[in-house]
Amino acid sequence: MNPSNHTRFEHEKQAYWGMRDELLQQHFGKWVAIVSGKVLAVGEKKMAVLKEAFIRTHSEVGYINRVGYEEATKRKSIRQIVSGRYDKEYDPPIPMAQITFLNPVSNVAKPVDCIVDTGADLTVLRGQIADELGLWNYEWDEAEVSGVGAQPQKRTLYLTTVQMAGQEFPITVDCRRDFNEDILGRDIINEFELTVCAKRDGVRFEYIPDKT
């Protein structure tokens, strides 16, 4: 975590809450991105709002939340055409997929073998991956993150870009030094039709466009 950027992140968060009454009247139920104390993007989907705000500013720091649903969107849980496989070192075998993550500015890219976890609300990367991609500067979100039987922890979430199945998505991820696994959560999985079959050692993602 970059201390100066974390201070900026806290300022962006304070700006959001300072204008929340106005946001409730104008943008209830929508995602709002704040950069430099101003509303930079508003929309129905977090990914689209992140993308618009970042393209417009290329800011390392911002703040995003869903107006009127702040508490619910900040509670996350995790459990410890792209094709994947089953890792048979786990018992029972667990579905895996290789996903490419990028630094949002430099586009430095790294393929990462991720556990495909439909029980995880968000995507998790090991601290080592965040180091290699230089993600620690990009504070854009926070969440109360808990695991099975564990107390929630307040976590900063970092902006990255995901490439898979010919698509590219901006997301915020939990970067952790206390994990030895990378986890692909529903924040990405839900953009695809997912087919898994352990007996065929198959994991398949097919992109499904949003309904218009």
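**Strand pairing, ring contacts and cysteines in a predicted model**

Val-35 has Lys-38 in S2 as its bridge partner. The structure is a predicted model, in which local features require pLDDT of at least 70 and side-chain atom pairs count only at pLDDT 80 or more, whereas totals for chains, interfaces and linings use all residues. Residues are numbered from 1 along each chain as its sequence is written, and side-chain values use heavy atoms, with hydrogens and water left out.

Helices (H or I, at least four residues) and strands (E, at least two) are taken as DSSP runs numbered from the N terminus, and two strands are regarded as paired if DSSP finds at least two bridges between them. S1 and S2 run antiparallel and are joined by five bridges. These strands belong to an open sheet of three strands with the order S2-S1-S3 and antiparallel pairing. Strand S2 (38-43) and S3 stand at the edges, each with a single partner strand, so one side of each is left without a neighbour in the sheet. From one strand to the next, the twist averages 20 degrees, where axes are lines fitted to C-alpha atoms, for helices over the stretch in contact, and angles run from 0 to 180 degrees between N-to-C directions. Helix H3 (residues 46-57) packs on the sheet and touches S1, S2 and S3, its direction making about 140 degrees with that of S2; contact here means heavy atoms within 4.5 Å.

The loop between H3 and S3 contains Ser-59. With a relative accessibility of 9%, Ser-59 counts as buried, the classes being buried under 20% relative accessible area, exposed over 50% and partly exposed in between, for a 1.4 Å probe and protein chains only. When residues up to four places away in sequence are not counted, Ser-59 touches Arg-8, Val-35, Phe-54 and Trp-140.

Rings of Phe, Tyr and Trp (its six-membered ring) were paired if their centres lie within 6.5 Å, with planes under 30 degrees apart counted as stacked, over 60 as edge-to-face and the rest as tilted. By this rule the count is nine aromatic pairs. Phe-28 and Tyr-69 form a tilted pair, at 5.6 Å centre to centre and with 40 degrees between the planes. This pair links distant parts of the chain, 41 residues apart, as Phe-28 lies in the loop between helix H2 (20-27) and strand S1 (31-35) and Tyr-69 in the loop between strand S3 (63-66) and helix H4 (70-73). Tyr-69 is partly exposed, at a relative accessible area of 33%. An edge-to-face pair is formed by Phe-192 and Phe-205, with 5.8 Å centre to centre and 80 degrees between the planes. Phe-192 is in strand S13 (residues 192-197) and Phe-205 in strand S14 (residues 202-207), so the pair ties together parts that are 13 residues apart in sequence. Both Phe-192 and Phe-205 are buried. Elsewhere, ring pairs link Phe-9, Tyr-16, Trp-17 and Tyr-63 into a cluster.

S13 and S14 pair in the antiparallel sense over six bridges, and Val-196 stands opposite Val-203 in S14. The two strands, S13 and S14, form a hairpin with four residues between them, and Asp-201 in the turn has a positive phi of about 55 degrees.

With a disulfide defined as a pair of cysteine sulfur atoms within 2.5 Å, the structure holds zero disulfides. The sulfur of Cys-175 is 12 Å from the closest cysteine sulfur, that of Cys-114, which is too far for a bond. Cys-175 counts as buried at 2% relative accessibility, whereas Cys-197 counts as partly exposed at 27%.
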